[in-house]
Amino acid sequence: MKYMELGKSGLEVSNIALGCMRISDLEEKDAAKVINNAIEAGINFFDHADIYGGGKSEEVFANAIGMNPSVRETMYLQTKAGIREGFFDFSKEHIIEAVDGSLRRLKTDYVDVLLLHRPDTLVEPEEVAETFNILKKSGKVNHFGVSNQNPMQIELLKKYVEQDLIVNQLQYGVMHTGMIDKGLQVNMKWDGSIDRDGSILDYSRLNDMTIQAWSPFQYGLFEGVFIDNDKFPEVNTKLQEIAETKGVNKSAIAVAWILRHPAKIQTIIGTMNLERLTNIAKASDIEISREEWYEIYRAAGNELP
Ligand SMILES: NC(=O)c1ccc[n+]([C@@H]2O[C@H](COP(=O)([O-])OP(=O)(O)OC[C@H]3O[C@@H](n4cnc5c(N)ncnc54)[C@H](OP(=O)(O)O)[C@@H]3O)[C@@H](O)[C@H]2O)c1
């Protein structure tokens, strides 16, 4: 497993992290196996949110691993706040309440990173700044970041927030490449050249923010998994071809493809299957060439000018 710095925080995190959105579906004993498998593979970073499983994911995670101060020291925990039933809420009251709830469920005094989950257009950045100061001063949150935000939304926060924003978590994977399409297809009259995110990839690199790729195996917004999916024969054939040369499986190559980008993207995988997790974790040590990267990109249905 390879490790990387999250933003400029000094946190040395595994470049593959385990997303715990789906862990609420598991019995605690099975959840324990998944978490231990991840730890054995070298994963030291776990992604949560207050809303996963309606709070149950954080609870199952903490119980499964027998959370206590010494266990807590061995891992990095990230959680998110700001999504409510039918609306987004970056108010001080809600964020503080959400963090307190997460800490209670995770059975810990602090999270390493807190992300604002999805942009709230009614955000008062001065209020967010005050909230972050309270959370930082109390020791409940060590570092802050965002998720699903574009550069100008981040700039607006940065005008007031005193702490570095070290992470932006965004959907990204072989079948969800908007972040890079428009950079490769600049000024073409094609769909791929449309700027939908304000050049978030270049912005993140310029500002030392780590992009975390969520749902790396999905296409669309939770429409399904593209691996072994008949809808995507070309990309599956290409992944298989490259996988065979490296002695790993297609899923590992799909993650190695994300990790190959020099933006140093951390990949948040969501499998709860032990064998799959072990196989995907091998991606961290797989090198794919520039040529292979572009072959996969093209096999995913993307045109180059
Ligand atoms: N910031 C945000 O807005 C946001 C949104 C969504 C998710 N997230 C984060 O991202 C994490 C990952 O999301 P995700 O679970 O959708 O990611 P994913 O890794 O793309 O998908 C995992 C799901 O795909 C299934 N799957 C089927 N075949 C697979 C294969 N060959 N390889 C890998 N997975 C396969 C897995 O089933 P098995 O368990 O049976 O393997 C699991 O249900 C979440 O846990 C969460 O932490 C963040």
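Biologist: Why is Ile95 called buried?

Modeller: Its relative accessible area is 1%. Buried means under 20%, exposed over 50% and partly exposed in between, using a 1.4 Å probe and protein chains only. So at 1%, Ile95 counts as buried. By the way, this is a predicted model, where local features need pLDDT of at least 70, side-chain atom pairs count only at pLDDT 80 or more, and totals for chains, interfaces and linings use all residues. Residues are numbered from 1 along each chain as its sequence is written, and side-chain values use heavy atoms, leaving out hydrogens and water.

Biologist: Where does Ile95 sit, and what is it in contact with?

Modeller: Ile95 belongs to helix 4. Helices are DSSP runs of H or I with at least four residues, strands are E runs of at least two, and both are numbered from the N terminus. Contact means heavy atoms within 4.5 Å. Setting aside neighbours within four places in sequence, Ile95 is in contact with Ala81, Gly82, Asp89, Phe90, Leu114, Leu116, Thr131 and Leu135. As for Lys80, it is 15 residues from Ile95 in sequence, with 9.1 Å between the C-alpha atoms.

Biologist: And what makes Gly247 exposed?

Modeller: Gly247 has a relative accessible area of 64%, so it passes the exposed cut-off. You'll find Gly247 in the loop between helix 9 and helix 10. Its C-alpha is 9.6 Å from that of Ile286, which is 39 residues away along the chain.

Biologist: How about Gln185, buried or exposed?

Modeller: Buried, with a value of 4%. Gln185 lies in the loop between helix 7 and helix 8. Beyond four places in sequence, the residues Gln185 touches include Trp190, Tyr297 and Pro305.

Biologist: Why is helix 2 called roughly parallel to helix 4?

Modeller: Their axes come within 7 Å and cross at roughly 30 degrees. That makes helix 2 roughly parallel to helix 4: under 35 degrees is roughly parallel, over 145 roughly antiparallel, 65 to 115 roughly perpendicular, and the rest oblique. Axes are lines fitted to C-alpha atoms, for helices over the stretch in contact, with angles from 0 to 180 degrees between N-to-C directions. Glu58, Glu59, Phe61 and Ala62 of helix 2 make the contact with Ser102, Arg105 and Leu106 of helix 4.

Biologist: How do you know that helix 9 and helix 12 are antiparallel?

Modeller: Their axes cross at roughly 155 degrees and come within 8 Å. The pair is therefore roughly antiparallel. Among the residues that meet are Leu239 and Ile242 in helix 9, and Ile296 and Ala299 in helix 12.

Biologist: What makes you say the buried residues of helix 6 line one face?

Modeller: Pro151, Ile154 and Leu157 are the buried ones. Down the axis of helix 6, they fall within an arc of 120 degrees, so they line one face. The arc is that of the directions from the helix axis to the C-beta atoms. An α-helix has 3.6 residues a turn, so residues three or four places apart point the same way.

Biologist: What covers the buried residues of helix 6?

Modeller: The cover includes strand 8, helix 5, strand 9, strand 10 and helix 8.
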